[in-house]
Amino acid sequence: MSDTATPARPTRTGLHRPDPTTIMVDGEPVTAHPGESLATALLAAGRRTTGETTSGAGKAPYCNMGVCFECVVTVDGQPFQRSCLIRVRPGLIVQTGPAR
Amino acid sequence: MAHYDTAVIGGGLLGCAIAWHLARAGTRVLIVEKDQVNRHASGQNAGSLHFQLEFRMVEHGDDAARLAARALPLHLDAQRTWAGLEAALGAPCGVALRGGLMLAETPAEVAALDRKAALEREYGLDVQVLGGPQLRELAPYLADTVRAAGHLPGEGKANPRLVTPAFAHAALRHGAELRTGHRVTALHRDGGRWRLSTGDGRSDTADTVVLAAGVWTAELAAMADVRLPVFPVGLTMSATARTAPLLPHLIQHVGRRLSMKQTAEGNVLLGGGWPAKLVTRHGRTDLDRNPELRYESLTGNADAARVVPAVMRLPIIRSWSGMTTLTPDQLPLLGPVPRRPGLHVATGGSAFTLGPTYARLLASTLLGDRPDLPLDDYSPARFGALNFV
Amino acid sequence: MSNPTDVVVVGAGPAGLAAAATLGRHGARVTVVDEQQRPGGQIYRQPPTGHTRTGRRTEAGRALLAEAAAAPHLDWLPDTVAWGVFGTRAGLDDYAGPAPAPGRLRLGVHTPDGGRTLEPAALVLTAGAYDLPVPFPGWTLPGVLTAGGVQTFLKAQGLLPGRRFVLAGGHPLLLVVAAQLVAAGAHVVEVAFSQHLRTLLPGPRDLAAAVGNAAKLAEGAAALRHLRRARVPVRFGTVIRAAHGDPELDGVVLSRVDAAGLPVPGTERTVACDVLALGYGFVPSTELARQAGCAVAWRPAEGGWIVDHDDWMRTSVPGISVAGELTGVAGAEQAEVEGRLAAYGTLQTLGLLDADRAAALARPVRRILARRRRFAAAVLSRFAPDPAALNALVTDDTVLCRCEEVTAGDIRRALCDHPHLGTANAVKLLTRAGMGLCQGRSCQPAVCRLIAEQTGRSPEQIGAFTAQPPVKPVPLASLAAAARQHDDQG
Ligand SMILES: Cc1cc2nc3c(=O)[nH]c(=O)nc-3n(C[C@H](O)[C@H](O)[C@H](O)COP(=O)(O)OP(=O)(O)OC[C@H]3O[C@@H](n4cnc5c(N)ncnc54)[C@H](O)[C@@H]3O)c2cc1C
Ligand SMILES: Cc1cc2nc3c(=O)[nH]c(=O)nc-3n(C[C@H](O)[C@H](O)[C@H](O)COP(=O)(O)OP(=O)(O)OC[C@H]3O[C@@H](n4cnc5c(N)ncnc54)[C@H](O)[C@@H]3O)c2cc1C
Ligand code: FES
């Protein structure tokens, strides 16, 4: 595999957005735009993996429409929230990692 | 057409377990199942191994509880049987006996718990009523509203997904025959044997027949012109998403419908007798359709779970309904049917918890041995008045 | 609980919007429930509140969205999951009369404020469809997404979920998404289309039609032209064999297929990428309809199990109608037309429209529908994935059930050990495939295909996983709160 020069980091494009805010993800501040999906915010922050299966494999958004539950994270203490449906609000506290 | 020593009708836990005992003893056994093995109550139940009396047995007062307690000798036997079952079958069944707690939240419930425990101890069941720090230490996950709990160390759970297939597998290994997708539609005496016909025009004969047909038992008995008082009830179960271990015990409640346990995979299962509605068609109960889940049962069961606050944040990911059989006195219906030589029945009661025990006892009757527990209290003969021929 | 709603529409895509607007215009009080924040469904998905598109692109579906927004008597419940229909089968309770007029249905919903029930006289289910999941080694890696998912990131969230994209599958949506990615500045390394080009002829006109919108007839062809101009290789007769990377996707293996759609050994090549978008077509979201007891039929070319209906879109359950993708995947235009028809049928049931007037209103709609159906039928079969070709992508250690991590080998072994099992439900019970959070949506098609291959049974004999409430997970606390609400009132 030779042609891998471009970094994998996803990029925002195509929308005028509200001013960014900060959410906490696994204890670290992450900049995100209010109203965008949490999955968008996580990917844009370079977190391509948003969870873990029981056997420890990485999980990440797959369907991006609320069907597959691959993207679930814990939001403000509530587990199993689909990050593709949850919207960013200031101060959101998110935990990724094993779904439990 | 073939001839068997015994034909077992029903591929649930009871049918498969009875067939295993009989095949092991070297007899020729046929299991006939109209759907798939483990398709009905045996695969749908809560998997509770509860040896204390349940809420439904104590909710109608002390006399009813005393009557129901006549099954307690079976409970004691079942406790031992489950402990050795996986070894006996050589297959995992998800048996985990880490103790069970029967919760009480009000003073009246605590009093009921004390009376119940006294009754159970009369039968030799080692139930202790715990409260205060002792209870908190054992079960720190309980809500503050819980005042006391009846603790029985040998209670627990098994995995209904695995138990009946394991019995079926073991029976096949010992030479039993299994015919699935075949419904017995006629059952009658024919030259000193029983002849059973399946819808496809096939018929077989057997010296003895065991009705292990769950809620269809009355229907099958009627084919042999016998009335057996067994009634179908629809029940509800729900499961949460998998979560880290938080609940080692089997949880029940003395004052409301609740059973709760965590599976090996991490799902918390909720049940405890919440009704589902039997489906009627053309004015008759339609046993061939799964009962309809009721909104009140799903939400009520969820509400009952608040005795373990940590589960309340989990999502319910599926619910299901199933049917089980009740008898008028809540006791099992187990043994030979009077005036029908060679016809036996096994149903009623908590036949997951007690199923392996029923199966062993009925099999020894069939093999001509004397069962090591008296079965008179459970005999179909107690409903003899229903039958005139 | 009394509730002033006559009709609840579940799903605010083209079908649901058209149904709701039509119902409202004729005087029905309508509540529209959707678990998304904004109306539009999959195709007309709008950016989040407070976000606006750069550039002056005209929004697809603008007319329909505006019509629904202006319709009277409409109540919106966004961010709300419809999780169960009650009282349709047993017919014993006061809330479940045998016919819709005296009785009301009960719909359990989970809103951001908790659980409650809606009690409409009629339901219109327009829950749409989702991308057909297609397992192969590595499809669970972060970076592997559905084509619809990539498109939604791009169109509704303004996110390019990676830099180097490979698109693989067999549905024309792939071409559309690839062109959209290119337009947004992404590097599309390759589009691998499983069909051979000759099987797709007579032409790109049909490609666009299959995607679903006659207004976009040329879009597929245009997409193909754009891709050619951008020198994006679009290779037909090419399939995805594996995705690689640890811990995340960094490359895929593609190979040629023969005329039967089976991989040709020795033609494998590795392509580096950080996103793989999969587009094999769509599966109708029939769960709520099946849970309610609506009869279904097996129609492989239309996405699998679809909900049966009469020519007013009424299902086998009194009071429940369907429209859009759950009657068979056929695209947004047909969904919209069916939504209007379902509304006319429901308005008659409610006594808000007499039969003659309904027939007159429905006439032009039926003409469009007949045309659309002929067209869709001609095109659909050409894109319907072949079960043997899909099975050929699966190895023994390929995960089929992502939630419970059950592999194809686990299921094969279970079927060998228990040869008397042969239904989707029996295999689920034994293996746990389908028992996870997604409730089997991600694995059911592949599990059923595998059972069919192993046992020789038909899809009808194998059946589907039983749909039970809640058809999407609902927090225990929300259900418990609903119980309290009931107690307080009773
Ligand atoms: C939701 C639920 C929760 C429960 N929880 C518990 C619990 O926690 N603990 C406990 O002890 N018990 C529990 N029970 C009860 C327990 O599941 C049953 O008592 C037990 O499974 C009965 O086993 P069985 O073999 O008699 O019945 P089944 O498993 O119902 O098997 C009977 C079989 O007979 C077959 N059959 C019927 N008619 C014919 C025919 N004409 N021809 C061929 N085959 C036929 C049926 O298809 C069926 O497979 C629960 C039951 C339900 C429904
Ligand atoms: C991801 C994706 C991308 C697509 N991209 C294109 C494209 O680019 N071009 C094209 O022509 N066609 C595209 N299609 C096809 C097109 O979306 C459909 O033809 C059309 O949207 C069907 O309309 P509908 O009303 O039947 O369903 P949908 O538009 O799918 O709407 C269904 C709605 O119901 C909601 N819903 C479902 N279940 C529940 C529930 N239980 N509770 C609450 N809400 C619920 C969903 O959130 C959704 O908003 C795409 C489809 C998908 C799935
Ligand atoms: S990505 Fe599938 S549910 Fe969120």
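**Close-ups of a predicted model**

**View 1. A proline in a loop of chain C.** Start with C:Pro470, which sits in the loop between helix H15 (459–462) and strand E25 (474–475) of chain C.

**View 2. Another cis bond in chain C.** Here the peptide bond running from C:Asp246 to C:Pro247 is cis, with omega near 5°. To find C:Pro247, go to the loop between strand E15 (238–244) and strand E16 (251–256) of chain C.

**View 3. The surroundings of ligand 2.** Count the neighbours and you get 33 residues around ligand 2, with C:Ala15, C:Asp34, C:Ala82, C:Gln151 and C:Glu325 the closest. The residues around ligand 2 come from chains A and C, so the two chains share the site. Sorted by class, the shell holds 15 nonpolar, 13 polar and five charged residues.

**View 4. Polar contacts of ligand 2.** Zoom in on C:Gln151: a polar atom of its side chain lies 2.5 Å from an oxygen atom of ligand 2. With C:Gln42, it's a backbone N or O atom that lies 3.0 Å from an oxygen atom of the ligand. C:Ala332 also brings in a backbone N or O atom, 3.1 Å from an oxygen atom of ligand 2. On its own, ligand 2 would expose 980 Å², and the protein buries 97% of that. Among the elements of chain C that give two or more residues to the shell are helix H1 (14–25), helix H3 (147–157) and helix H9 (332–349).

**View 5. The largest nonpolar core.** This core has 62 residues, and those touching the most other members are B:Leu142, B:Ile251, B:Met260, B:Val311, C:Ile411 and C:Val447. Helix H14 (residues 444–455) of chain C supplies the largest share, five residues. Pick out B:Val311: beyond its neighbours within four places in sequence, it's in contact with B:Leu246, B:Met260, B:Val268, B:Ala305 and C:Leu476. Another core, of 58 residues, lies apart from this one and includes B:Ala71, B:Leu72, B:Ala117 and B:Phe167.

**View 6. Two positive phi angles.** A:Asp26 isn't a glycine, yet its phi is positive, about 50°. You'll find A:Asp26 in the loop between strand E3 (21–25) and strand E4 (28–32) of chain A. Its relative accessibility is 34%, so A:Asp26 counts as partly exposed. B:His282, another residue other than glycine, has a positive phi near 50°. B:His282 belongs to the loop between strand E17 (280–281) and strand E18 (284–285) of chain B, and it counts as exposed because its relative accessibility is 79%.

How values were computed
Residues are numbered from 1 along each chain as its sequence is written. Chains are lettered from A and ligands numbered from 1 in the order in which they are written. This is a predicted model: local features need pLDDT of at least 70, side-chain atom pairs count only at pLDDT 80 or more; totals for chains, interfaces and linings use all residues. Side-chain values use heavy atoms; hydrogens and water are left out. A nonpolar core is a set of buried Ala, Val, Leu, Ile, Met, Phe, Trp, Tyr and Cys residues joined through side-chain atoms within 4.5 Å. Buried means under 20% relative accessible area, exposed over 50%, partly exposed in between (1.4 Å probe, protein chains only). Helices (H or I, at least four residues) and strands (E, at least two) are DSSP runs, numbered from the N terminus. Contact means heavy atoms within 4.5 Å. A residue is near a molecule or strand if one of its heavy atoms lies within 4 Å of it. A polar contact is a pair of N or O atoms within 3.5 Å; within protein, one must be able to donate a hydrogen and the other to accept it, and residues adjacent in sequence count only if both atoms are side-chain atoms. Accessible areas come from the Shrake-Rupley method with a 1.4 Å probe; for residues, only the protein chains shown count as cover. Ala, Val, Leu, Ile, Met, Phe, Trp, Tyr, Cys and Pro count as nonpolar, Asp, Glu, Lys and Arg as charged, and the others, Gly among them, as polar.
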